Amino acid sequence: MKLKTLVTNLLAVCLLGCFSACETVDNDRIPAMPVNIDLGNAGLWTTYGVSGYGQYRYFNRDKRVPANFNFTVSTYTGYGGVLLLDGLNGPMAYDAACPYEVSKDAVVSIDSDNLEAVCSKCGSRFNVFDAAGAPVSGPALERRYGMLQLRVFASGMGYVITR
């Protein structure tokens, strides 16, 4: 009787592991490129940071976005640029490249009506404000490709964004 119970429990654990593995999101499709944006002092954070749920800002060194930002030799903005936003748990950042398209030219934009990131090329939508960049619809949802989340940590009176 104990052996039957043990086998049944092991089978249940294995099945649970298989089903939960199907629910994982692949958020590591974007090529590894350095990210370093230092907004650690109060003046930089006030000017270039985000300070309210739903606010967002893009950084892209190659395209000089924002135009008046002082990009230094140690400023890096990843593969498709950086999307900085104020989400459910405070400041969050993502590589702005669509994880389905994996192209520097296919970057997401924010749909302000429902606060989702949208790829204009494939139509995929992502919950970047509340669900760590999880896919919501489109081919990225079918493949379970999520946005690459970057590290945002407090530094001085502001934040630093890194990969």
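Modeller: A term to begin with: buried means under 20% relative accessible area, exposed over 50%, and partly exposed in between, with a 1.4 Å probe and protein chains only. This is a predicted model, in which local features need pLDDT of at least 70 and side-chain atom pairs count only at pLDDT 80 or more, while totals for chains, interfaces and linings use all residues. Residues are numbered from 1 along each chain as its sequence is written, and side-chain values use heavy atoms, with hydrogens and water left out.

Colleague: Is Phe59 buried or exposed?

Modeller: Phe59 counts as buried, at 1% relative accessibility.

Colleague: Which ring does Phe59 pair with, and in what geometry?

Modeller: Phe59 forms an edge-to-face pair with Phe69, at 5.4 Å centre to centre and 75 degrees between the planes. Rings of Phe, Tyr and Trp (its six-membered ring) pair if their centres lie within 6.5 Å; planes under 30 degrees apart count as stacked, over 60 as edge-to-face and the rest as tilted. Phe59 lies in strand β2 and Phe69 in the loop between β2 and β3 (76-77), so the pair ties together parts 10 residues apart in sequence. Helices (H or I, at least four residues) and strands (E, at least two) are DSSP runs, numbered from the N terminus. Phe69 is also buried, with a relative accessible area of 8%.

Colleague: Which residues form the aromatic cluster?

Modeller: Tyr48, Phe59, Phe69 and Phe71 form one cluster.

Colleague: How many aromatic pairs does the structure hold?

Modeller: The structure holds seven. One of them is tilted: the rings of Tyr53 and Phe129 have centres 5.8 Å apart and planes at 55 degrees. This pair links distant parts of the chain, 76 residues apart, with Tyr53 in the loop between α2 (42-48) and β2 (56-59) and Phe129 in the loop between β8 (125-127) and β9 (134-137). Tyr53 is partly exposed at 45% relative accessible area, whereas Phe129 is buried at 1%.

Colleague: What sits over the ring of Tyr145?

Modeller: The charged end of Arg29 does, 3.8 Å from the ring centre. A charge sits over a ring if NZ of Lys or CZ of Arg is within 6 Å of the ring centre and within 35 degrees of the ring normal. Arg61 lies over the face of Tyr76, at 5.9 Å from the ring centre.

Colleague: Now the sheet. In what order do the strands run?

Modeller: Seven strands form an open sheet in the order β2-β4-β5-β10-β11-β1-β3, with antiparallel pairing. Two strands pair if DSSP finds at least two bridges between them. At the edges stand β2 and β3, each with a single partner strand, so one side of each is left without a neighbour in the sheet.

Colleague: How many bridges join β10 to β11?

Modeller: Five bridges join β10 to β11 (residues 158-162), and Val152 has Ile161 as its bridge partner in β11. In their hairpin, which has two residues between the strands, Gly156 takes a positive phi near 60 degrees. Two bridges join β5 (residues 90-95) to β10 (residues 149-155), where Ala93 stands opposite Leu150.

Colleague: Which strand pairs with β11 over four bridges?

Modeller: That is β1 (residues 35-39), in the antiparallel sense. The bridge partner of Asn36 in β11 is Thr162.
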